[in-house]
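Open your viewer and get ready to select residues by number. Each stop says what to pick and what is there.

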Amino acid sequence: AVEDEMVADLMVNIFKVCPDLLNRFFKESQYSFVPRLKSAWLDNMKLLRKIYDAQPEVSSCFKTAEFIPLPKLLSMVMVTTIPAVCNKVMFTQGLNIASKTVKHTIFSLLSTILKRALKNIEHCLNEKIWEKSEVYTPSMMQQFVQQYKEALSKLLPDMTNIIAVWQSLLKQKKEQDGQGREEDAAPVVEEMTEVVEHGSDDAETTLLKAVL
């Protein structure tokens, strides 16, 4: 599918309509998502990003007219927030690899995940939406957000590791700016900066701002 753009586009469209198939696809996929500086891994990550970029910013699960218990709702929202092949070990391994290309790929994926998570959190904390809802109440959504953050924290990399790699990227960007060159670090730094600047001031975002 990575080599065939038409097949890749078909996969993206299928998962856009049937996101419940995502976990099964990644669990049974023959593609390797273990971080490494190989063209095959970069191609696989490109496909993964393409699939997740096509998912709605705010989970369609919140539009349901029927009540879904919070644990079940959480698992459904997590499916379109973070790929099943991504976990703390995978992220940490990618950030620890010396290659700038691998680091940037991991940071770019983290940026996508954080943007999606922040959009979902902002939606859940919008009391005007849930005051009119016949399915969920504002207090239930606040409870959901707490569970959502806890679930994400178990899968995202250690913040001290993120800070160390982030500072290294910032240093590279400053050096590149000083030399008048625009290379790998700049786009990813700008992308992650955008996530923080547009995020709400929850604990995770405050910590990300501290990183900057």
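**Stop one: leucine 109**

Select leucine 109: its relative accessible area is 1%, so it is buried (buried means under 20% relative accessible area, exposed over 50%, partly exposed in between, with a 1.4 Å probe and protein chains only). Leucine 109 sits in helix α6, which covers residues 100–124. Helices here are DSSP runs of H or I with at least four residues, strands are runs of E with at least two, and both are numbered from the N terminus.

Now show what surrounds leucine 109. Leaving aside neighbours within four places in sequence, it is in contact with Met45, Leu48, Arg49, Cys86, Met90 and Phe91 (contact means heavy atoms within 4.5 Å). Pick phenylalanine 91 as well: leucine 109 and phenylalanine 91 are 18 residues apart in sequence and 9.4 Å apart in space, C-alpha to C-alpha.

**Before you go on**

This is a predicted model, in which local features need pLDDT of at least 70, side-chain atom pairs count only at pLDDT 80 or more, and totals for chains, interfaces and linings use all residues. Residues are numbered from 1 along each chain as its sequence is written, and side-chain values use heavy atoms, with hydrogens and water left out.

**Stop two: the whole protein**

Zoom out and colour by secondary structure. The protein has eleven helices and zero strands. Of its 212 residues, 44% count as buried. Take the contacts between residues at least 6 apart in sequence: 72% of them join residues at least 24 apart.

**Stop three: glycine 94**

Select glycine 94 in helix α5, residues 88–96. Is glycine 94 buried or exposed? Its relative accessible area is 0%, so glycine 94 is buried. Not counting residues up to four places away in sequence, glycine 94 touches Pro35, Val102, Lys103 and Ile106. Glycine 94 and isoleucine 106 are twelve residues apart in sequence, yet 6.2 Å apart in space, C-alpha to C-alpha.

**Stop four: α4 and α8**

Select residues 70–81 for helix α4 and 138–153 for helix α8. Their axes come within 10 Å and cross at roughly 50°. Axes are lines fitted to C-alpha atoms, for helices over the stretch in contact, and angles run from 0 to 180 degrees between N-to-C directions. α4 and α8 are therefore oblique to each other (under 35 degrees is roughly parallel, over 145 roughly antiparallel, 65 to 115 roughly perpendicular, and the rest oblique).

Show side chains. Among those in α4 that meet α8 are Leu70, Leu73 and Val77. The α8 side includes Met140, Phe144 and Tyr148. The residues of this contact divide into eleven nonpolar, three polar and no charged (Ala, Val, Leu, Ile, Met, Phe, Trp, Tyr, Cys and Pro count as nonpolar, Asp, Glu, Lys and Arg as charged, and the others, Gly among them, as polar).

**Stop five: aromatic rings**

How many aromatic pairs does the structure hold? It holds nine. Rings of Phe, Tyr and Trp (its six-membered ring) pair if their centres lie within 6.5 Å; planes under 30 degrees apart count as stacked, over 60 as edge-to-face and the rest as tilted.

Select phenylalanine 25 and phenylalanine 26. Their ring centres are 5.1 Å apart and their planes lie at 65°, so the pair is edge-to-face. Both phenylalanine 25 and phenylalanine 26 are buried.
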